[in-house]
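Hi,

Here is the structure I promised to pass on. Have a look at it first, and my notes follow below.

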Amino acid sequence: MADIEASVRDLIDRDRDCTEKALAQMDLRQKINLLIGEWKAAGGGDVLPGVRDRVRLRALKKAADPVRVIARR
C-alpha cells in the first residue's frame with residue numbers, strides 16, 4: 001500500500017494522471033477496512049498498531065538483531 005501511495009504522490013508531483021493508482025489505493029483501503037471489520041466481528045478487540053507504533057517496533061527489532069548474530073557464534 002505504501003508503494004501505491006508513493007506512486008500516486010509521484011504522479012501528482014509530475015502533474016500526471018493518477019486516476020488508476022488512486023482508485024487502486026482506495027480499493028486497498030476498502031479491503032483493509034473490511035478485514036478489520038471481520039476481525040472485530042470475530043472477537044478481535046486488541047488495539048491495532050498505528051504508524052508510530054510500527055516505526056517504534058521496527059527500531060526495537062533492528063536494535064535486537066545484533067544480539068542474535070552474537071548469540072549464533
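Buried residues make up 7% of the 73 residues in the chain, where buried means under 20% relative accessible area, exposed over 50%, and partly exposed in between (1.4 Å probe, protein chains only). Bear in mind that this is a predicted model, in which local features need pLDDT of at least 70 and side-chain atom pairs count only at pLDDT 80 or more, while totals for chains, interfaces and linings use all residues. Residues are numbered from 1 along each chain as its sequence is written, and side-chain values use heavy atoms, with hydrogens and water left out.

On confidence, the chain averages a pLDDT of 83, and 81% of the residues score at least 70; pLDDT is the predictor's confidence in each residue, from 0 to 100. H2 comes out highest, at a mean of 93, and H3 lowest, at 66. Where pLDDT is low, the predicted coordinates should not be read in detail.

As for the fold, there are 3 helices and 0 strands, giving α-α-α along the sequence. Helices (H or I, at least four residues) and strands (E, at least two) are DSSP runs, numbered from the N terminus. H2 has 23 residues, and at 1.5 Å a residue these should span 33 Å; the end C-alpha atoms of H2 are 33 Å apart, which agrees. The expected span here is 1.5 Å times one less than the number of residues in the helix.

Asp15 sits in the loop between helix H1 (2-13) and helix H2 (19-41), and its phi is positive, near 60°, although Asp15 is not a glycine. Most residues other than glycine have a negative phi. Asp15 also counts as exposed because its relative accessibility is 71%. Just after H2, Gly43 has a positive phi too, of about 105°.

Which residues line the largest pocket? They are Met1, Ala2, Glu5, Arg29, Ile32, Ile36, Pro49, Gly50, Val51 and Arg54. H1, H2 and helix H3 (51-72) are the elements that each give two or more residues to this lining, and H2 gives the most, with 3. A pocket is an open set of points on a 1 Å grid over the protein atoms alone, where a 1.4 Å probe fits, with protein on both sides within 12 Å along at least five of seven lines; lining residues have an atom within 4 Å of a point.

Cheers
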